Amino acid sequence: MNRPIAHLAGVGSFAPSRVMRNEEFAALGLDTNDEWIVQRTGIRERHVAGPGETNKTMSAAAARVAMSRAGITPGDIDVIVLGTASPDRLLPSTAVDLQAELGASRAAAFDVMAACSSWLYGLIVAEGLMAAGGAQTALVVGTEKLTSIVDWQDRSTCVLFGDGAGAAVLKRSDGSKGILSTFMRSDGTLAELLYRPSGGAAHPFNQQVLDDRSFYVKMEGREVFKHAVRSMSEATDRALDGARLTGADIDLMIPHQANIRIIEATAKHANVSMDKVYVNVDRYGNTSSASIGLALDEAMASGRVKPGSTVLLVAFGAGFTWASLIVRF
Ligand code: UT7
């Protein structure tokens, strides 16, 4: 297809007001400390949803900002693609709850489930629908209430994650700006390195599942780390090749915010210096499918993305899934 087809006409995000600092884990009885978490991950604090906050409310807040910046109303949306690894309910999709909340009555709405890559997968799916003529205006949201699916007794995972939402409105490009290249891959043979063993149809809820806590996220951190660096490096190469660019052409790289060491290794591979890499993992932790949208919104608000900027987005997550996208603003 002849690109660019779609451009990001408006971006928005939302994070719950409650900020939890690393020091607070000790009070929960966990054998961890600020020094370990900062050294191994770069995370200092994360936002935690309150009782009234759900993926519906967080994604709607992010979407309203994105829609207002794009100059559209809910009735203009043809399709809502929502990425989440922590859906509000198992049935139906969180996307339809968002649709109802916004009153986007003309839209088709569905979820994509590609863990931390979901927002990039969603943008790529929406661009494809626009290329096929099935949509003129798309709302793509990544939203997570991960604090509800991590085991607060497991120090190896609960310190890593946070809550929030990011959103973008895609509109047809006039050819001067928009998505220049995309790449997406998966490897399901590695699914059990980062997963929730029970609670789905294969192992439905029962007393044993509750007792052994196997409905919470389990992760082999060290293995995931290695694959994250390798896959995000591949993804940056493929997106650059696709757009016929090199790392030197990138004004800003926004990687998925899981761990500062993964971010640094990916930037080094792509030959992008760290002053051209957006980092907010220190303030949000890993917000999975919300992470890149949240970071992009901040980068735009702080003037690090301007009209004409060429931005490289790259993600990796459970599945495994990985994806990348180059977009000109
Ligand atoms: O979103 C995409 C998917 N997720 C990721 O990208 C995460 C990828 N993985 C990582 O970021 C890192 O592997 C972690 C941050 C999860 C862990 O860092 P690491 O340097 O790989 O540490 P490790 O898992 O090898 O653990 C080192 C030690 C262990 O103790 P021993 O066995 O050496 O005695 C752990 O038990 O650190 C211990 N440990 C902790 N200590 C204090 C694990 N978690 C903690 C903790 N506080 N919270």
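Predicted model: local features only at pLDDT ≥ 70, side-chain atom pairs only at ≥ 80, totals over all residues.
1. A word before we start: a residue is called buried when its relative accessible area is under 20%.

2. Let us step back to the whole chain. Its secondary structure consists of ten helices and 13 strands.

3. How does the radius of gyration of the chain fit with a compact globule? For 329 residues, such a globule would have a radius near 20 Å, and the chain has 19 Å, which agrees.

4. Burial goes beyond the residue we opened with: 57% of the 329 residues in the chain are buried. As for the accessible surface, the chain has about 13,500 Å², and carbon and sulfur atoms account for 51% of that.

5. The contacts are worth a look too. Taking those in the chain with a separation of 6 or more, 76% are between residues 24 or more positions apart. On the charge side, the chain has 32 positive and 35 negative charges, and their mean positions lie 4 Å apart.

6. You will find two domains in the assignment: domain 1 covers 6-175 and domain 2 covers 180-328. Over C-alpha atoms, the centres of domain 1 and domain 2 are separated by 14 Å. How many residues of each domain are in contact with the other? On the domain 1 side there are 50 residues, and on the domain 2 side 45.

7. Now back to Thr-266, which sits in helix α8, residues 260-270. Which residues does Thr-266 touch, once those up to four places away in sequence are set aside? They are Met-232, Ser-233, Thr-236, Met-253 and Val-314.

8. Is Ala-66 buried or exposed? Its relative accessible area is 0%, so Ala-66 is buried.

9. The surroundings of Ala-66 bring together separate parts of the sequence. Ala-66 and Gly-10 are 56 residues apart in sequence, yet their C-alpha atoms are 4.6 Å apart in space. Neighbours within four places aside, Ala-66 is in contact with Gly-10, Val-11 and Gly-12, and also with Ala-167, Ala-168 and Val-169.

Technical notes:
Residues numbered from 1 in each chain as written. Heavy atoms only, no water. Helix = DSSP H or I, 4+ residues; strand = E, 2+ residues; numbered from the N terminus. Rg over C-alpha atoms; globule rule 2.2 N^0.38 Å. Buried < 20%, exposed > 50% of the residue type's maximum accessible area, 1.4 Å probe, protein only. Contact = heavy atoms within 4.5 Å. Areas by Shrake-Rupley, 256 points an atom, 1.4 Å probe, with all protein chains shown as cover. Lys, Arg positive; Asp, Glu negative; His and termini not counted. Charge placed at Lys NZ, Arg CZ, Asp CG, Glu CD. Domains from an automatic or database assignment.
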